[in-house]
Structure formats: structure tokens, C-alpha cells
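Subject: Structure handover

Hello,

Here is the structure for you to look over. My notes on it follow below.

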Amino acid sequence: MLHPSYNELLEAINKDVEPGEEPIVNSRYSIVIATAKRARQLIAGDEKLVSTNTNKPLSIAVEELAEGKVKIVSEDDKEEDEIDL
């Protein structure tokens with residue numbers, strides 16, 4: 001099982017959302033797509049943004065999202081080092 005859990009990851013991704021605003025991510029599907037895309041970037045040679053003992057791209061991608069090193073944004077708001085959905 002991956003750590004952090006889905007609920008912990010969802011909270012970490014949406015931590016900067018003000019009360020009453022729409023959450024950045026509110027579905028498991030969005031998190032799965034974002035982590036898969038980041039894992040593919042890592043496999044293609046991108047540098048990992050977290051210090052970790054694992055070499056598994058998916059685990060690294062989950063840790064990057066949990067630590068806020070990679071953000072999930074829409075295509076309109078895309079900046080460098082962010083994953084678009």
C-alpha cells in the first residue's frame with residue numbers, strides 16, 4: 001500500500017483552498033491521472049523533487065504531490081513543474 005493514504009493526499013493537494021472555494025481535486029481519478037503523468041515524466045528522465053529511498057516512479061510521484069513539490073492545475077493555469085489535467 002502506498003503512503004500517504006488517498007485521504008491524506010487529497011488533504012495535502014487541497015490544503016491551500018480557502019473555505020467556500022472549489023477544491024483543486026475532488027476525485028480519485030484526478031489523483032491517479034496526475035500521479036501517472038508525473039511517474040511517466042520521471043521515467044523519461046526528469047529529476048525527482050523529493051529525497052526518498054525508493055526508485056519506483058509512482059511512489060516518488062505520490063511523495064512529490066503529498067509534499068507539495070508538484071501541483072495539479074488546469075491547462076489555463078499551468079506553470080513549470082506543475083501537472084496539468
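Leu65 has contacts with Leu9, Ile13, Ala34, Thr35, Val70 and Ile72, leaving aside its neighbours within four places in sequence. Contact here means heavy atoms within 4.5 Å. This is a predicted model: local features need pLDDT of at least 70, side-chain atom pairs count only at pLDDT 80 or more, and totals for chains, interfaces and linings use all residues. Residues are numbered from 1 along each chain as its sequence is written, and side-chain values use heavy atoms, with hydrogens and water left out.

Leu65 sits in helix H3. Helices (H or I, at least four residues) and strands (E, at least two) are DSSP runs, numbered from the N terminus. Leu65 counts as buried, at 2% relative accessibility. The cut-offs: buried means under 20% relative accessible area, exposed over 50%, partly exposed in between (1.4 Å probe, protein chains only). Leu65 and Ile31 are 34 residues apart along the chain, and their C-alpha atoms are separated by 9.0 Å.

Which residues of H3 are buried? They are Ser59, Ile60, Ala61, Val62, Glu64 and Leu65. The cover over the buried residues of H3 includes H1, H2 and strand E1 (71–73). After H3 comes Gly68, with a positive phi near 75°.

**Overall layout**

The protein has 3 helices and 2 strands. Along the sequence they follow the pattern α-α-α-β-β. There are 85 residues, and 34% of them count as buried. Take the contacts with a separation of 6 or more: residues 24 or more positions apart account for 32% of them.

**H1 against H3**

Two packed helices are described by the angle between their axes and the distance between the axes. Helix H1 (residues 6–13) packs with H3 at an angle of about 45°, and the axes are 8 Å apart. H1 is therefore oblique to H3. Axes are lines fitted to C-alpha atoms, for helices over the stretch in contact, and angles run from 0 to 180 degrees between N-to-C directions. Angles under 35 degrees count as roughly parallel, over 145 as roughly antiparallel, 65 to 115 as roughly perpendicular and the rest as oblique.

Which residues meet between these two helices? From H1 come Leu9, Ala12 and Ile13; from H3 come Val62, Leu65 and Ala66.

Leu9 belongs to H1. Leu9 is buried, with a relative accessible area of 4%. Setting aside neighbours within four places in sequence, Leu9 is in contact with Pro4, Ile31, Val62, Leu65 and Ala66. Leu9 and Arg28 are 19 residues apart in sequence; C-alpha to C-alpha, they are 9.9 Å apart in space.

**Arg28 over Tyr6**

Arg28 lies over the face of Tyr6, 4.2 Å from the ring centre. A charge sits over a ring if NZ of Lys or CZ of Arg is within 6 Å of the ring centre and within 35 degrees of the ring normal.

**The loops**

Asn14 lies in the loop between H1 and H2. Is Asn14 buried or exposed? Asn14 is buried, because its relative accessible area is 15%. Beyond neighbours within four places in sequence, Asn14 is in contact with Pro23, Ile24 and Val25.

Thr52 lies in the loop between helix H2 (28–43) and helix H3 (57–66). Thr52 is buried too, with a relative accessible area of 17%. Not counting residues up to four places away in sequence, Thr52 touches Ile60 and Glu63. The side chains of Thr52 and Glu63 are joined by a polar contact of 3.2 Å. A polar contact is a pair of N or O atoms within 3.5 Å; within protein, one must be able to donate a hydrogen and the other to accept it, and residues adjacent in sequence count only if both atoms are side-chain atoms. A polar atom of the Thr52 side chain also lies 3.5 Å from the backbone nitrogen of Thr54.

**Two partly exposed residues**

Glu63 is in helix H3. Glu63 is partly exposed, with a relative accessible area of 22%. Not counting residues up to four places away in sequence, Glu63 touches Val50, Ser51, Thr52 and Thr54.

Lys37 is in helix H2. Lys37 is partly exposed, at a relative accessible area of 23%. Lys37 and Ala61 are 24 residues apart along the chain, with C-alpha atoms separated by 8.7 Å.

Best wishes
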